[in-house]
Amino acid sequence: MNHLHQAFSVRFTYTVFFTERLFDTTNSVLADFFAQQISGETRRKLLFVIDSGVLDSHPYLKADIHTYFAQLADAVDLVSDILIIPGGEMAKNEPAYVEQIVDAVDRYGVDRHSYVVGIGGGSVLDLVGYAAGISHRGIRHIRIPTTVLSQNDSGVGVKNGVNYRGKKNFLGTFVPPVAVFNDSQFLTTLDDRDWRAGIAEAVKVALIKDADFFEWIETSAEALATRDKSAMDYLIHRCAEMHLAHISGGDPFEMGSSRPLDFGHWSAHKLEQLTNFDLRHGEAVAIGIALDSLYSQQIGWLTEADANRILTTLRTLGFSLYQPMLDANNSEGVLKGLAEFREHLGGQLTIMLLKSIGKGVEVHEMDTDQIRRAIATLKEQEQQALPA
């Protein structure tokens, strides 16, 4: 029987820039980027979407954007209507926000060679990337992450998505940004919970890939917890570097079932849902890391000393490692996260556990009794830590 066979590859390249006060007119990082991107071409439109929480903390941001791009008016046509979207998981839970961005793309004639720019935390960036990715089969999008979590992890990757039918990231795309701009000034206005939450992803990648990086986090935990800027700058840069290295060297569009960077995430995603997203993503990941580290110890892989190092570091950073929904209905709720994780991966459950600090190993099943035992340990330790 005759048949046709096709194979092709598509090369993606993008840069993560590290800067401060991105929209200061004396900062040329953005101007240089657009000069390189559109030199000699027709003027390109630029549609901004901003996380409302960022705007609350930086009330002059819209004016700064207009002032900055006024000097680039010969090359860039800034859409004057800057969209404001509520931040946090609400952005990904409400389909109307996708429609709002798509409608703006349509009304303002933002074509495939123009740009949609998202400024905000990971949820808003996920939303913006998804809306851009489905408009005209893909409009170029730029990310300007404003939280630790988005600057060191989600904002530098290639995934976009929204929650749907009660499931996290049920709708989504793999579309790399054309650039990421990490502005450290945005971090100065974060509350302590958001500052801390993003550190969990750095702990995660260190535990599965780089023992030396984990040791640095361990020794720097107090400085990070007390908002030392130089420590945070290093953590974000190193974590982003490792995230990008993983993407370029592995399976960036997750065609297989292996997702090593989701260490600690099977329970974290479910805990977010069970707490109606009152739990920050990074806070849930910290609990998930603790849970899977204890599980690794219980099955004889991770030493007790190393498990204690991990839990102590997380607590020094300020994380609580127990949440009552872990125990709800004999843990049946959180255990549903295993089935949902399997479905999301495409049929085969693949969970990353620890052989040692810095060495992750994948497994395809977990013992629910051992999971409940690890939960009981976290609960007992939490109760012991409470003041008498």
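Two strands count as paired if DSSP finds at least two bridges between them. The exercises below apply this and related criteria to a predicted model.

**Exercise 1.** Determine how many bridges join strand β7 to strand β8, and which way the two strands run.

*Solution.* 
Step 1. Locate the strands: β7 covers residues 159-164, and β8 covers residues 167-174.
Step 2. Count the bridges: 5 of them join β7 to β8. The criterion asks for at least two, so the strands are paired.
Step 3. As an example of a bridge, K159 has F174 in β8 as its partner.
Step 4. Inspect the turn: the hairpin has 2 residues between the strands, and R165 takes a positive phi near 55° there.

**Exercise 2.** Classify the aromatic pair of F33 and F181, and state which elements the pair ties together.

*Solution.* 
Step 1. A search of the whole structure finds 14 aromatic pairs. In one of them, the rings of F33 and F181 lie 5.5 Å apart, centre to centre, with 85° between the planes.
Step 2. Planes over 60 degrees apart count as edge-to-face, and the pair of F33 and F181 is accordingly edge-to-face.
Step 3. F33 belongs to helix α1 and F181 to strand β9, so the pair ties together parts that are 148 residues apart in sequence.
Step 4. F33 is buried because its relative accessible area, 5%, is under 20%. F181, at 0%, is buried as well.

**Exercise 3.** Decide whether F8 is buried or exposed.

*Solution.* 
Step 1. F8 lies in the segment before β1.
Step 2. Its relative accessible area is 69%, so F8 is exposed.
Step 3. Together with V10 and F12, F8 forms a nonpolar surface patch of about 370 Å² accessible area.

Note on methods. Residues are numbered from 1 along each chain as its sequence is written. This is a predicted model: local features need pLDDT of at least 70, side-chain atom pairs count only at pLDDT 80 or more; totals for chains, interfaces and linings use all residues. Side-chain values use heavy atoms; hydrogens and water are left out. Helices (H or I, at least four residues) and strands (E, at least two) are DSSP runs, numbered from the N terminus. Patches are made of residues with over 30% relative accessible area and no salt bridge: like charges are joined within 9 Å, nonpolar side chains (Val, Leu, Ile, Met, Phe, Trp, Tyr) within 5 Å. Accessible areas come from the Shrake-Rupley method with a 1.4 Å probe; for residues, only the protein chains shown count as cover. A salt bridge is a side-chain nitrogen of Lys or Arg within 4 Å of a carboxyl oxygen of Asp or Glu. Buried means under 20% relative accessible area, exposed over 50%, partly exposed in between (1.4 Å probe, protein chains only). Rings of Phe, Tyr and Trp (its six-membered ring) pair if their centres lie within 6.5 Å; planes under 30 degrees apart count as stacked, over 60 as edge-to-face and the rest as tilted.
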